[in-house]
Amino acid sequence: MTATHILFLIGGYFLLLLTISYFTGKNDSNADFFKAGKQSPWFLVAFGMVGASLSGVTFISVPGWVESSQFSYMQVVFGYLVGYFVIAYVLMPIYYSLNVTSIYQYLERRFGIVSYKTGAFFFFISRVLGASFRLFLVAMVLQQFVFDAWNVPFEVTVILSILLIWIYTFRGGIKTIVWTDTLQTLFMLTSLGLSIYFINQKLGWNFTEFLASDELKEYSKVFVIDDFFAKNNFIKSFFGGMFITICMTGLDQDMMQKNLTCRSLKDAQKNMVSFSLVLIAVNFIFLLLGALLFIYADRFNIATPLMDGTPKADLLFPEIALNSGLGMVVAVTFMLGLVAAAYSSADSALTSLTTSFCVDFLGIEKKEVANQKILRKKTHIGMSVLLILVIIAFRYILDRNVIDGLLTVATFTYGPLLGLFAFGIFTKYQIKDTYVWVVALTSVLIMMGMANIPPESLGGYEVGYELLPINGLLTFIGLLLIRKKGVVST
């Protein structure tokens, strides 16, 4: 598949998204942009959230991670499942009862303005970095397999990617995204299934023979229970995954904004539970694909592609799909799946960043009605520029597997959110709101120090995703220290 073919394919795909945007963005109101008029069918939101949750990181980076970690990522995924039930039955009732636009408005009502701004700030940092991780991955693939052939700089690739997202989201916002995410999830899952089918066919297997093969057994270890010191030990991975989900979905404006477009709390809970069960199965299939890719590469002597002179396992899937002779069907579905997976999370991230900045920092709901729409549109442009700059920076500083990097960043930035919401929900204390930002920042700095302690200094113990709940606990303890003595919420 040539670079020109890929470019025409992406162009056709975006024309389809623009068509959806045209019909869903006709109203061009802030109510539709932020909440979709609270009229989204729950099953549509649930299906679209599969693609938004997995993103291009899962599509490429999870299969690429199999070589070094086998199927141990499923330990994290099992933790996700528990986290989604906590979101559905602990957090969602709070958001719906308060009828919030931004979920961080809860912190203002519970503690005060500084807590509100602190929570919104940490979400903002988290989502900028998370969205940039995801978009960096797709830009990296497009650069390697399309734009390098035309000597187009990486920076231009990034700008074009963000520009396309801005064009189809700037009018309809979350209302558009609920529908485009559904289409994108369909493309991604179709690509996943067809890739597995055709690679198995090339290897002379059917799916059952692949599952029973000795080659798969070399990659399929799920549970790491014999070495507690290991970073991917089951207990650390499971509880890390649970708290990652609670934070990266339940305390994340991006993911919760879709849920808040459902007609009722009951619909939103049905969406969350059904979505979580599907997500378990889909993640496992992605790991099967990863094992299949390395088996295929070994069988046909395909080397892991290099980027800037360094082997990048994240690029193995595109290398095999586009350059190993599997045929046009695999190449076309791979590119559609990749672009769909990447943009299904990136477009909602851009919209949620716009929503959070408008509501949480600019107080758009308190502005004159005549100025609200133009303020939202200017903010949308500003968020696009910010993402461009961060993604370009990643090209020069990122030195690890993308999904590992994404989850590691989450342990720092979501910890204060976890502590703030837990303190608000599970205690009745009031706090000295002025000092909340000091508590949150101190907790993050302590976590960053812990993360950089060499394993040999800890007797071989490798610090992993358990830093997230520890971060939340430290924030919780800090809030206890600044509570107002004898003053409780009613």
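In the predicted model, the largest nonpolar core comprises 149 residues, of which Tyr95, Ile199, Ile320 and Met335 touch the most other members. The greatest contribution to this core comes from helix 13 (residues 265–299), which supplies 18 residues. For Tyr95, when residues up to four places away in sequence are not counted, the contacts are Val100, Ile103, Gly250, Leu251, Met256, Leu260 and Phe421.

Thr354 is located in helix 15 (residues 328–361). Its relative accessibility is 0%, and Thr354 is therefore classed as buried, the cut-off being under 20% relative accessible area. The side chain of Thr354 forms a polar contact of 2.8 Å with the side chain of His380.

Asn233 lies in the loop that runs between helix 10 (214–217) and helix 11 (234–250). With a relative accessible area of 3%, Asn233 is likewise buried. A polar atom of the Asn233 side chain is placed 3.4 Å from the backbone oxygen of Val224.

Cys247 counts as buried because its relative accessibility is 0%, and Cys358 is buried with a relative accessible area of 0%. A disulfide is a covalent bond between the sulfur atoms of two cysteines. Zero disulfides were found in a search of the whole structure.

Definitions and conventions. Residues are numbered from 1 along each chain as its sequence is written. This is a predicted model: local features need pLDDT of at least 70, side-chain atom pairs count only at pLDDT 80 or more; totals for chains, interfaces and linings use all residues. Side-chain values use heavy atoms; hydrogens and water are left out. Helices (H or I, at least four residues) and strands (E, at least two) are DSSP runs, numbered from the N terminus. Buried means under 20% relative accessible area, exposed over 50%, partly exposed in between (1.4 Å probe, protein chains only). A polar contact is a pair of N or O atoms within 3.5 Å; within protein, one must be able to donate a hydrogen and the other to accept it, and residues adjacent in sequence count only if both atoms are side-chain atoms. A disulfide is a pair of cysteine sulfur atoms within 2.5 Å. A nonpolar core is a set of buried Ala, Val, Leu, Ile, Met, Phe, Trp, Tyr and Cys residues joined through side-chain atoms within 4.5 Å. Contact means heavy atoms within 4.5 Å.
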